There are 2 protein chains.
Amino acid sequence: MNSMTRIASRPYEFPDLTYLFRPRTIAVIGASEKPHSIGNHAMKNIVEHSDFTGTIYPVNPRQASVMGLQSYPDVASLPEPVDVLMVVIPAKGVREAVEQGGAMGCKFAVILTSGFSEADEWGRAEEAALVEIAQRTGIRIYGPNCPGLVNLNIPLGLTFSPAFKDDICPGPIALATQGGGLGRNMIQHSVRGAGFGCWSSSGNECDLQVADFVHHMAGDPDVKVICCLVEGFKDGARFAAACARAAEMGKPVVGLKVGRSAYGAKAAASHTASITGSAEVNSAVFAQLGVIEVDDLDEMLDVAQLLARKLPDGDEKFAIFASSGGAASLCADNVGMAGLELAEFTAETAQALAEALPPYAGMSNPIDTTSISISHPEAYRAALLACARDANVSLIVAPLPMDYGEYSVINSNSLLEVQRESPVPIVPVWMSERQGEGYHVLARGGAIPFRSLRNMRKALRRWVDHGRWRHARDEAWTSALVAAGSPGEAGQTRSLTEAEGKRLLAEAGVPATAPVVVAGEAEAREEAARIGGTLAMKVVSAAITHKSDIGGVRLGVAPEAAGEAFRAIMANAAAAHPCAAIDGVLIEPMARPGGVEAFVGLSRDPVFGHVMTFGLGGIHVELFADVARRMLPVTAAMAEDMIGELRAARLLTGYRGQPARDVKALAQLMEKVSEFAVSRPDLVELDINPVWVGAEGEGVLALDAVMVVQA
Amino acid sequence: MNSMTRIASRPYEFPDLTYLFRPRTIAVIGASEKPHSIGNHAMKNIVEHSDFTGTIYPVNPRQASVMGLQSYPDVASLPEPVDVLMVVIPAKGVREAVEQGGAMGCKFAVILTSGFSEADEWGRAEEAALVEIAQRTGIRIYGPNCPGLVNLNIPLGLTFSPAFKDDICPGPIALATQGGGLGRNMIQHSVRGAGFGCWSSSGNECDLQVADFVHHMAGDPDVKVICCLVEGFKDGARFAAACARAAEMGKPVVGLKVGRSAYGAKAAASHTASITGSAEVNSAVFAQLGVIEVDDLDEMLDVAQLLARKLPDGDEKFAIFASSGGAASLCADNVGMAGLELAEFTAETAQALAEALPPYAGMSNPIDTTSISISHPEAYRAALLACARDANVSLIVAPLPMDYGEYSVINSNSLLEVQRESPVPIVPVWMSERQGEGYHVLARGGAIPFRSLRNMRKALRRWVDHGRWRHARDEAWTSALVAAGSPGEAGQTRSLTEAEGKRLLAEAGVPATAPVVVAGEAEAREEAARIGGTLAMKVVSAAITHKSDIGGVRLGVAPEAAGEAFRAIMANAAAAHPCAAIDGVLIEPMARPGGVEAFVGLSRDPVFGHVMTFGLGGIHVELFADVARRMLPVTAAMAEDMIGELRAARLLTGYRGQPARDVKALAQLMEKVSEFAVSRPDLVELDINPVWVGAEGEGVLALDAVMVVQA
């Protein structure tokens with residue numbers, strides 16, 4: 001395989017972060033008593049607002065003690081290597097502190113200080129020095145340029161945030177972010193009743209990165225769901241491996257990635273100095289990994305809290321329980337828009353509802369109790385209980401369109417009471433901006449009201465979809481993904497000729513035409529006669545990529561016309577590219593007429609490595625962007641999913657009397673292409689366009705191939 | 001024109017609702033002192049919670065006075081005809097009360113009582129009787145089955161809602177809803193600082209309907225924006241005319257219509273007994289009328305409040321002012337995702353920012369002040385003021401990712417102070433669920449914080465789009481729309497033959513082939529020879545709609561083969577439809593090869609009347625649903641917009657080296673088709689498929705036409 005250079009893949013190892021999130025000893029470098037200083041906030045958060053039972057060592061050369069604790073002049077003077085070195089001094093002193101900590105065997109440096117790679121040249125050099133210390137001494141670095149991390153299940157706040165003390169709300173949701181502001185926003189969903197476990201906010205990620213925290217959270221028994229809020233991945237394939245681990249552990253991951261627009265990508269890059277990558281690829285990979293992609297922070301919490309309450313199966317049926325006709329209609333509209341299914345009540349439920357509610361109430365699904373919720377709140381409660389006991393109901397949505405003061409309080413309490421009697425999740429949607437006492441009753445009771453019907457609709461859809469993904473998950477694929485490791489850098493590249501590309505594909509088991517390359521007119525005539533039938537002839541030159549534009553392609557050539565075609569092609573190529581090295585002319589049989597043309601593309605994404613793109617040619621891609629994408633490896637089963645995902649899938653499965661196409665063979669081709677790429681990490685780009693797709697049983701054939709590899 | 005029956009159109013007249021919203025005299029039929037009764041709530045809302053300075057007449061046969069006011073035994077006993085008869089008695093007594101009110105010359109009956117057409121057969125009959133009373137006596141009816149109406153700019157609450165007293169928040173937003181619950185939800189946005197004027201909630205709409213309220217609000221000087229929350233339209237064309245009036249008056253209309261899914265349509269129909277219609281048509285007509293369609297209630301308020309603050313021009317440029325890098329990135333991402341444009345700061349602004357902010361702050365757009373917002377709030381204020389003074393900035397978005405307690409209060413006050421010094425709207429986005437005092441400072445100050453970046457993104461996009469719509473609005477079209485009036489009921493229908501349809505189109509100026517219909521073989525040969533060239537031949541029978549499926553079509557026929565083709569077509573038609581009346585065979589020249597095929601369809605929507613659908617044939621419609629729709633009339637300019645709206649528009653404007661198509665001629669054809677339909681209200685359906693579209697200058701041609709008219 002002299003044309004390809006193999007690069008060894010690097011399987012992932014993840015660090016043990018137990019003592020980062022549950023340290024036994026902490027040194028605070030820059031501890032201070034000066035009010036409103038970072039060093040003071042950091043100390044107060046540990047000493048006063050946490051429930052930390054280990055040892056705290058303030059480090060401050062100018063004070064003998066800080067907040068009643070003996071202080072040390074520098075890290076080297078500490079009486080023992082600590083689990084966490086918390087660094088809140090200005091940037092110029094950070095390197096020395098970490099060096100000393102690493103030398104004495106400290107486990108983690110949590111560096112909150114800013115002014116490193118996000119700031120300037122000096123900062124970049126200092127950050128590189130920190131990485132070097134970590135590699136040399138084994139100390140692992142968290143940050144720099146971050147607000148710290150918290151473990152609310154202790155609670156322990158390794159952070160300078162003055163908001164820490166107000167946001168202590170233990171619970172099953174773990175949070176991995178880069179910046180601090182957005183993470184704090186998530187935590188403040190505690191006022192809805194949400195609870196959080198560990199929260200990492202890893203800033204510049206010079207060493208530990210989001211993937212490491214996801215991996216840790218996947219193994220943390222206190223965590224049920226992981227939320228990731230990411231501006232850019234240092235290593236997307238590592239993140240994928242961590243998500244695969246979370247899937248194995250049955251912990252859903254919810255993701256929001258900045259960089260879905262050029263403005264966002266630019267701002268994120270300048271904020272965290274990381275690569276944002278392509279939004280389309282990111283979304284495709286998230287979907288593939290089962291990472292539930294959301295559009296905003298509230299949507300992240302919405303779906304996370306549902307997942308924390310119950311892992312879905314994908315076939316859930318819903319009941320709507322409203323006390324206003326308008327809310328019932330709008331709620332039903334939203335359930336329908338999301339493609340979700342309303343449950344049919346059992347006869348028993350129907351009878352119980354008829355007994356509880358007045359005759360003019362809506363008693364099929366959606367239920368509209370009417371204003372009886374105000375006049376007869378006990379009837380509201382009885383009807384809700386009947387609904388919650390229905391075996392056909394997976395989850396109840398209870399839209400509450402307005403704050404009705406004391407009446408809302410009564411109904412909220414009824415909802416919590418019924419919830420205690422039933423395992424069926426009851427999900428209130430507090431639609432009003434006025435969060436009266438009725439709202440707070442629900443929040444305090446852990447019911448975590450949704451803000452709006454739109455948010456409910458999106459969260460339930462994502463919840464059900466995740467149930468489907470869980471059940472369809474391919475464990476073998478996950479292992480393959482983890483084994484594949486990092487794609488590495490692309491560097492310098494070179495193009496192969498079509499003939500060379502097709503030969504490599506054919507060797508890898510991809511059905512491709514086997515072209516002959518001829519260098520002279522006589523040879524062209526001879527080979528054409530030997531192959532027979534109708535022929536395609538194309539110029540062969542690594543320097544000419546748009547062959548047809550320059551008259552370098554002749555299709556439907558009869559063998560007896562091959563000599564003339566050879567001359568014309570060579571003349572056209574020479575005229576258009578006088579300096580290009582031309583290897584000759586490729587001759588191959590034409591594909592049978594009547595096939596559908598598809599394309600299979602591979603590219604090396606800077607974040608996630610090899611990504612396959614599949615679609616039909618022409619207007620399908622160019623006008624309708626109708627493509628499916630996957631991170632490699634792609635199995636034949638996944639390839640069939642990709643084919644089915646196209647809006648134009650019907651063109652392959654039989655459209656307007658056309659025969660169904662050989663989808664099985666197409667999927668196998670895609671699997672072979674994936675195997676080929678995985679075995680050759682130096683592959684930078686591959687475009688098989690078109691792939692001829694015959695009718696069922698006729699197979700498929702790669703008719704053209706553009707391949708780019710590392711030089 | 002013997003084949004078409006003309007139906008007179010009915011231009012709209014709208015009632016004067018001044019004394020409904022600002023009555024001088026009110027009688028409360030069913031006034032009561034019984035606590036928690038509807039009649040008591042209704043009285044208390046007028047007497048205790050309103051600022052009503054006119055006369056109130058309680059009507060209650062069992063009490064001499066109610067709440068200190070003299071009571072009357074029935075409506076007939078009232079000392080004068082009142083402006084508003086407010087009816088809160090059970091359904092069985094309503095008809096008599098309204099009859100008496102109508103007889104004595106009362107202007108409006110506001111009927112809150114339920115149990116009419118939404119309930120049962122008896123209720124439907126009673127409601128019909130109310131309509132008859134209204135038509136006979138001139139009294140106008142509001143309701144029944146509704147919570148009443150309010151005018152918060154007085155304030156006056158003609159409602160039984162116990163929440164009325166808590167939701168008095170005068171302001172520029174008017175609200176037209178059908179049910180009450182969702183409207184109350186909107187009003188409760190007052191806790192964000194939003195203010196509302198009149199609110200109608202018109203229930204079953206047996207007489208007055210949403211369109212009448214929109215028309216009234218358009219003329220109310222206290223109103224700047226109209227929000228419509230609709231479950232179904234009684235008369236969509238009337239609503240369109242009211243929206244046209246609002247546009248003339250410069251009052252944007254924001255709309256949310258239930259019925260975007262089958263569940264929603266069914267629930268809405270059972271709730272309000274109105275037609276929900278097609279969601280696709282509704283969205284198309286909203287867009288055409290400049291009604292800003294939203295997806296949820298919070299989105300409705302979001303865009304309405306922006307419009308109330310400033311009418312946009314469509315070329316707005318935005319500044320992002322954040323104090324967290326993550327919030328700045330995510331906000332920029334959202335601005336980019338919405339396709340909005342960030343402003344470039346002037347040199348003056350850049351200098352002012354550099355003076356106010358530390359060197360590590362983000363000083364291009366988005367601005368990230370960093371945590372200086374906490375440590376140096378005066379710098380935050382100075383930077384915001386610099387930004388607000390920049391001539392390139394149309395609006396400032398200020399994302400606030402979390403509640404920072406006292407620090408948030410300081411920054412919120414700065415924001416309000418800067419807003420007072422600048423006409424540039426400053427829009428805070430309070431992203432956190434925790435609404436601390438900093439939030440309430442903004443709300444009380446009228447800054448109406450957005451709930452999330454996603455909501456901000458959607459609202460700003462809609463706001464800018466509405467600016468573009470305002471400037472592109474075609475006033476002549478509006479007048480034509482209003483003049484066109486109601487489409488009426490379709491009733492029994494019949495199909496015309498292709499030949500007849502094409503003749504009518506040709507007479508109306510639509511380029512169409514002029515076919516000859518022949519009844520015998522000899523005639524076929526003769527006419528074929530006369531026409532010459534290559535011919536199309538098709539069976540002519542009003543009973544056969546799928547002509548090609550039964551072998552009733554021959555294309556590319558040479559004149560000398562016309563006799564044989566005639567025989568074959570007649571035989572196939574007779575075999576497939578032995579009982580169908582067959583008029584003969586149509587002969588016409590084939591279209592030139594090489595054109596693009598489009599289709600132009602007209603249908604009569606039950607809500608909005610004639611609607612045109614335009615698209616390209618085949619997969620474009622079937623797989624990608626790539627069509628554009630408009631309510632009639634469609635001008636040539638609007639038709640060009642429709643053509644440009646298609647995702648596949650490039651196939652008409654020149655794609656992959658193909659020549660540009662005759663878009664001008666196509667747009668003219670569409671205008672002629674629209675004129676034809678407007679002049680013939682009995683047209684039920686018209687499908688011109690395909691329309692042959694030649695290259696620029698070659699024109700267009702209707703190659704087939706299926707026309708259905710009222711019988």
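1. A:Arg192 and A:Asp302 form a salt bridge, with their closest N and O atoms 2.7 Å apart; a salt bridge here is a side-chain nitrogen of Lys or Arg within 4 Å of a carboxyl oxygen of Asp or Glu. The two partners belong to distant parts of the chain, 110 residues apart: A:Arg192 sits in the loop between α5 (181–187) and β11 (196–201) of chain A, and A:Asp302 in helix α10 (residues 297–309) of chain A. Helices (H or I, at least four residues) and strands (E, at least two) are DSSP runs, numbered from the N terminus.

2. The model is predicted: local features need pLDDT of at least 70 and side-chain atom pairs count only at pLDDT 80 or more, whereas totals for chains, interfaces and linings use all residues. Residues are numbered from 1 along each chain as its sequence is written, chains are lettered from A and ligands numbered from 1 in the order in which they are written, and side-chain values use heavy atoms, with hydrogens and water left out.

3. Is A:Arg192 buried or exposed? A:Arg192 counts as buried because its relative accessibility is 0%, where buried means under 20% relative accessible area, exposed over 50% and partly exposed in between (1.4 Å probe, protein chains only).

4. A:Asp295 lies in the loop between β14 (292–293) and α10 of chain A and A:Arg260 in the loop between β13 (253–257) and α8 (262–272) of chain A, so the pair ties together parts 35 residues apart in sequence. Both A:Asp295 and A:Arg260 are buried.

5. In chain B, B:Lys538 pairs with B:Glu588 in a salt bridge whose closest N and O atoms are 3.7 Å apart. B:Lys538 is in strand β21 (residues 535–540) and B:Glu588 in strand β23 (residues 584–589) of chain B, 50 residues apart. The relative accessible area is 8% for B:Lys538, which is buried, and 2% for B:Glu588, also buried.

6. Salt bridges that share partners connect A:Asp298, A:Glu299, A:Arg451, A:Lys458, A:Arg462, B:Glu433 and B:Arg454 in one network. Over all chains, the count is 85 salt bridges.
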